[in-house]
Amino acid sequence: MRKVIWAVLCSASLFSYAQKGQVRQVAAIGFYNVENLWDTVTSADYIDGTKDPSNPAFHRSIPLDSIQYLEHSEYKGKWEDALLKGKKAIRYQGSSEEFTPNSPKNYTQEIYQKKLHNAAQVISELGSKYTKSAPVIVGLVEIENRQVVEDLVKQPQLEKYNYGVVHFNSYDYRGIDNALIYQKNRFKLEKAWKKELKIFNDGKREYTRDLLVVLGELDGEKFAFFVNHWPSRRGGEAVSLPKRNAAASLLKQQMDSIQQLNPEYRLMAMGDFNDDPVSSSIKNYLKATGDLKKVGEEYPYYNPMYSMYKKGIASLAYRDAPNLFDQIIYSKNLIGDKARSAQSHYTVYTTEVYAPAYLIQKEGSYKGYPFRSWSGDNFTNGYSDHFPVFSLLQKAAQQ
């Protein structure tokens with residue numbers, strides 16, 4: 001894991017040198033698995049299929065003690081947006097009891113506030129050595145609901161940047177979702193939606209995180225962002241791989257569709273893919289390559305983290321093996337050339353794993369790993385079991 005630190009620190013001087021005599025506009029795009037960012041309230045999802053015609057399964061998180069006041073009926077069908085149209089139902093979260101003051105974790109407001117503070121600190125620093133500011137866009141996973149993201153962007157380290165929030169509740173069995181935050185003065189939100197990932201085991205639906213898709217204009221340029229949290233390796237890598245292959249196929253379908261409708265969009269897929277850049281899900285299903293020369297019709301997407309993985313750079317350790325599950329992948333029209341002056345539109349200058357010393361466990365059985373929030377039921381005052389990643393975009397500044 002020490003190579004991660006070296007990889008992050010060595011690139012700063014390169015950017016400074018490339019910038020001499022040139023005026024460039026920059027934007028950092030980040031991704032962070034915040035490791036179980038839950039509030040302290042035992043809750044459930046209230047699904048109101050009559051609420052919003054544009055979202056047939058409109059739902060939100062509610063405290064358990066408020067269920068008795070809300071109109072609903074018992075629902076025993078499949079949890080799918082289309083099937084819940086016109087219905088009002090309650091879906092209970094699998095892990096809601098785990099993060100409460102009365103649980104073995106003793107998850108108090110004090111711990112929750114510390115968790116928010118720590119996550120906000122890390123997010124505020126993504127790309128800041130280049131931009132001297134917080135990132136414009138950040139994808140987030142392992143969040144419980146919209147409220148925890150609203151609380152996050154109100155933290156002192158982030159509040160001044162006036163972040164907007166994009167979030168949809170998913171049918172994930174644990175109750176965790178994906179989200180995206182954006183600086184409102186630089187990113188103009190056009191449209192956002194979720195796509196259910198429907199996977200089955202022996203004919204039975206397994207409920208997991210949705211794919212979050214966000215479209216808008218970043219400093220006047222059309223961008224599409226895709227926030228992913230693919231199925232885990234529970235049960236073994238080989239057994240679980242078909243689930244991630246399905247997630248990769250869904251992501252590719254959404255990316256292809258947007259680019260075909262409007263090639264002007266620049267696409268950035270980010271996430272905890274639970275697979276490495278060399279995995280078949282990334283290479284053969286998403287069709288993302290780490291070879292710039294191969295980017296084209298067969299491999300339409302570029303994965304800058306392929307070469308990082310080959311060098312031993314990691315964003316986490318899974319079962320004592322280093323992995324680079326946290327990645328940012330992008331479309332061909334974002335590929336830049338560091339040897340030339342910045343173009344008139346945004347291109348990616350660099351993509352990095354962010355692993356400053358304070359994010360690394362200093363002792364114990366997890367020495368050298370990301371400084372995680374939890375060790376069993378004990379809160380460590382740490383940050384996450386993943387390092388965040390970010391890409392730096394650059395273009396010639398308007399004079």
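In strand β5, Ile143 is the bridge partner of Leu37. Here helices (H or I, at least four residues) and strands (E, at least two) are DSSP runs, numbered from the N terminus. The model is predicted, so local features need pLDDT of at least 70 and side-chain atom pairs count only at pLDDT 80 or more, whereas totals for chains, interfaces and linings use all residues. Residues are numbered from 1 along each chain as its sequence is written, and side-chain values use heavy atoms, with hydrogens and water left out.

Strand β1 (residues 24–37) and β5 run parallel and are joined by six bridges. Two strands are taken to pair if DSSP finds at least two bridges between them. Strands of a sheet pair through backbone hydrogen bonds, in either a parallel or an antiparallel sense. β5 also pairs with strand β7 (residues 177–183), in the antiparallel sense and over six bridges. In this pairing, Gly139 stands opposite Leu180 of β7. Seven of the seven residues of β5 (residues 137–143) are buried, so this strand is largely enclosed by the rest of the structure. Buried means under 20% relative accessible area, exposed means over 50%, and partly exposed lies in between (1.4 Å probe, protein chains only).

A further sheet is open and has seven strands in the order β8-β11-β12-β13-β18-β15-β14, with mixed pairing. Its edge strands are β8 and β14 (288–289), each of which pairs on one side only. β14 runs parallel to strand β15 (residues 301–302), and two bridges join them. Thr289 has Tyr302 of β15 as its bridge partner.

The aromatic residues were examined next. A pair of aromatic rings is described by the distance of the centres and the angle of the planes. Rings of Phe, Tyr and Trp (its six-membered ring) pair if their centres lie within 6.5 Å; planes under 30 degrees apart count as stacked, over 60 as edge-to-face and the rest as tilted. The structure holds 19 aromatic pairs. One of them is formed by Phe187 and Phe225, which are edge-to-face at 5.7 Å centre to centre, with 70 degrees between the planes. This pair links distant parts of the chain, as Phe187 belongs to strand β8 (residues 187–195) and Phe225 to strand β12 (residues 221–229), 38 residues apart. Phe187 counts as buried at 1% relative accessibility, and Phe225 is buried at 0%.

The ring centres of Trp230 and Phe273 are 4.6 Å apart and their planes are at 85 degrees, so this pair is edge-to-face. Trp230 lies in the loop between β12 and α7 (237–261), and Phe273 in the loop between β13 (266–272) and α8 (280–285), so the pair ties together parts that are 43 residues apart in sequence. Trp230 is buried at 2% relative accessibility, and Phe273 is buried at 0%.

Ring pairs also link Trp38, Phe99, Tyr107, Tyr112, Trp374 and Phe379 into a cluster. Lys105 lies over the face of Trp374, at 5.4 Å from the ring centre. A charge sits over a ring if NZ of Lys or CZ of Arg is within 6 Å of the ring centre and within 35 degrees of the ring normal. The charged end of Lys194 likewise sits over the ring of Tyr171, 4.8 Å from its centre.

Gln398 is found in the segment after β22 (389–396). At 78% relative accessibility, Gln398 counts as exposed. Gln398 and Leu37 are 361 residues apart in sequence and 39 Å apart in space, C-alpha to C-alpha.
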